[in-house]
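Dear colleague,

I am handing over the structure we spoke of, and my notes on it follow below. Please read them with the coordinates open beside you.

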Amino acid sequence: THAKMATIPLGFNIDSPRWDQSTFVGRLKHFLNITDPRTVLVPEEELDRAKALVEGCRAGLVPPGSSREQLLYAKKLYDSAFHPDSGEKMNFIGRMSFQVPGGMAITGCMLQFYRTVPAVVFWQWVNQSFNAFVNYTNRNAASPISLRQIGVAYVTATGAALATAVGLNLYTKRAPPLLARWVPFAAVAAANCVNIPMMRQQEIISGITVTDENNNELGCSRVSLGMGIRVGAMALLGLTCCFCLQRAAVKGITQVVLSRITMAAPGMIILPIIMERLEKFTFMQRIRVLHGPLQVLLCGGFLLFMVPAACALFPQRCSLALADLELELRDSIVAKHGDKVPYVYFNKGL
């Protein structure tokens, strides 16, 4: 069978992107590949073999008979299951490839069970627990976070989501039914503005390592204490903008917040409109018990495209102009490298 497969071309680099990561379409193809929900079902042993194959290829030790297709598939499994910074295997709940099956079940239930306060509280708690796993798993691993900080982030984000959801749920009791259906999205958006910055606060407090184009470490980008406080306050209000706060950690975290809200928006905004129309039909009123499963399946359809699309909004390897760095780090880089480093790079997380 190996004879039918393409041979590995000379100079093949397994870490070179298959698609142009400077364009949205190229990033979309990349994330469609690594967020493939089918990879969640791949056995642990196969994931370990994929990692060994990738690491062997990096060292120039490719097993005889290995084809380019085999190596690319191994890289797909590796990217879907192992952290890009540490190389450690991620828990499957936190992997982006689990966003579709996990997200569709939770989002569908949030949209279905929105009428009573106990149901709202329960499903928002489940969602924030899931988000905590995802945010911690996909953080920048170079910035460790303590168990205390994880606990504070979890409690704060869950509190924000519950306060938003319960408050709006009570406020919309007399509002048009469609507004009540949009309450879960408002709660999810508010919680994302809290959960992600809080879960990744260490990147703001301690800074984030930046490199040059060739991955050579240049230093650590930090914000001042005052800046950090302002960023935290703005993040809580959902007002942080990556175009006005040009520090590495802040830019990366802001982009992730925007991506996550975008990921949830179409399903949680459009699907309630669809269900509002469908539920007026007689046949839908006869099968109320199927409304929940239907919403879960429709959520899956939205997420199947929106997970990779939202991840592709911004480059995974985030860049920052040298002129936008804080003065101390900028002067240090200029002193060592002159004008040879116009941009610095870092992993923004997902």
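Which residues lie nearest the centre of the largest pocket? In this predicted model, they are Asp-15, Lys-75, Pro-84, Gln-316 and Arg-317, out of a lining of 48 residues. The volume of this pocket comes to about 1,500 Å³, and its lining comprises 17 nonpolar, 19 polar and twelve charged residues.

As for where the lining comes from, two or more residues each are given by H1, helix H3 (68-81), strand S1 (208-211) and strand S4 (343-347), with H3 giving the most, namely seven residues. At the level of domains, at least three lining residues are drawn from each of domain 1 (13-80) and domain 2 (96-206 + 226-314).

On confidence, the protein chain has a mean pLDDT of 78, with 88% of its residues at 70 or more. Helix H1 (residues 24-34) has the highest mean, at 91, whereas helix H10 (residues 225-237) has the lowest, at 44. Residues 1-7 have a pLDDT below 50, and the model gives this stretch nine contacts beyond near neighbours in sequence; residues 224-246 also stay under 50, with 30 contacts beyond four places in sequence.

Finally, an unreviewed UniProt entry lists residues 152-172, 231-250, 256-275 and 296-315 as "transmembrane region". In the model, residues 152-172 are 95% helix and 0% strand, with the end C-alpha atoms 30 Å apart, while residues 296-315 are 80% helix and 0% strand, with their end C-alpha atoms 30 Å apart.

With best wishes

Technical notes. Residues are numbered from 1 along each chain as its sequence is written. This is a predicted model: local features need pLDDT of at least 70, side-chain atom pairs count only at pLDDT 80 or more; totals for chains, interfaces and linings use all residues. Side-chain values use heavy atoms; hydrogens and water are left out. pLDDT is the predictor's confidence in each residue, from 0 to 100. Helices (H or I, at least four residues) and strands (E, at least two) are DSSP runs, numbered from the N terminus. Contact means heavy atoms within 4.5 Å. UniProt positions are given in the numbering used here, feature names are shortened, and annotations may be inferred rather than shown by experiment. On a 1 Å grid over the protein atoms alone, a cavity is a set of points where a 1.4 Å probe fits but cannot get out, and a pocket is an open set with protein on both sides within 12 Å along at least five of seven lines; lining residues have an atom within 4 Å of a point. Grid points are joined across faces, edges and corners, and a volume is the space filled by probe spheres set on the points. Ala, Val, Leu, Ile, Met, Phe, Trp, Tyr, Cys and Pro count as nonpolar, Asp, Glu, Lys and Arg as charged, and the others, Gly among them, as polar. Domain bounds come from an automatic or database domain assignment.
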